[in-house]
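This report describes a single protein chain, from its overall make-up to some local details. Please read it beside the sequence and the structure shown here.

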Amino acid sequence: MLSSVPSAYADHILPAAEGPVILTVTGNLQQTTDGHQALLDLALLESIGLTTIVTTTPWHQGRVKFEGVLVRDLMAHLGVAGRMATVGALNQYQADTPVADFLDHDVILALKANGNYLSVRDKGPVFIIYPFDRDENLRNETYFARSVWQVNSMRFFGDGAILHNEKHWWNMETILLAAVAAAIVLLAVFLFLSRARKS
């Protein structure tokens, strides 16, 4: 569910990383690990939930099975607000990316390729991967430049609504309400038909 931006962020504390931190998320966050930023290790990232994308890329031979966290799921987990994200890499490369990319496409923070965790040598430990084979409009230099490898930081900024995990509960509630409504309609039809037969 999207809501208006509050006056203060970082009002909830997440569990601290127990392993090496591989991704630091800063900016407009409601959920942090220290009150200011989210320092995430591999276990914390994977706990958000993994998604698989099989696609070709300009940097690999053939189709590759990538596993990682949808960026929009990370945003929902952290209560991110903003319309832009600056993605930083270990080699100091940075790419400014519209948040709309993450909401409109299944962009993942890839952690594995063909079942193996990505090392720094393999463009890991985190690699931004777009679903290139699903949309030919993604296969151009603009999106290739946003596909940052060796990612170690993300900063969200700019005006925008907050993406909450509550959206999942809202979706489930809507499904349940729709199911109840359908059951009521079916019951009403059954009773009507039963009375019609008796008459």
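## Basis and overall make-up

Helices (H or I, at least four residues) and strands (E, at least two) are DSSP runs, numbered from the N terminus. By that rule the protein chain has five helices and 14 strands. The model is predicted, with local features needing pLDDT of at least 70, side-chain atom pairs counting only at pLDDT 80 or more, and totals for chains, interfaces and linings using all residues. Residues are numbered from 1 along each chain as its sequence is written, and side-chain values use heavy atoms, leaving out hydrogens and water.

Of the 199 residues in the protein chain, 38% are buried, where buried means under 20% relative accessible area, exposed over 50% and partly exposed in between (1.4 Å probe, protein chains only). Carbon and sulfur atoms hold 56% of an accessible surface of about 11100 Å², a value from the Shrake-Rupley method with a 1.4 Å probe, in which, for residues, only the protein chains shown count as cover.

Strand β8 (residues 84-89) runs antiparallel to β9 and is joined to it by five bridges; two strands pair if DSSP finds at least two bridges between them. Glycine 88 lies opposite glutamine 94 of β9, and among the four residues between the strands glutamine 92 has a positive phi near 80°.

In a regular strand the side chains alternate between the two faces of the sheet. Strand β9 (residues 94-98) has Ala95 and Thr97 on a covered face, whereas Gln94, Asp96 and Pro98 lie on an uncovered one.
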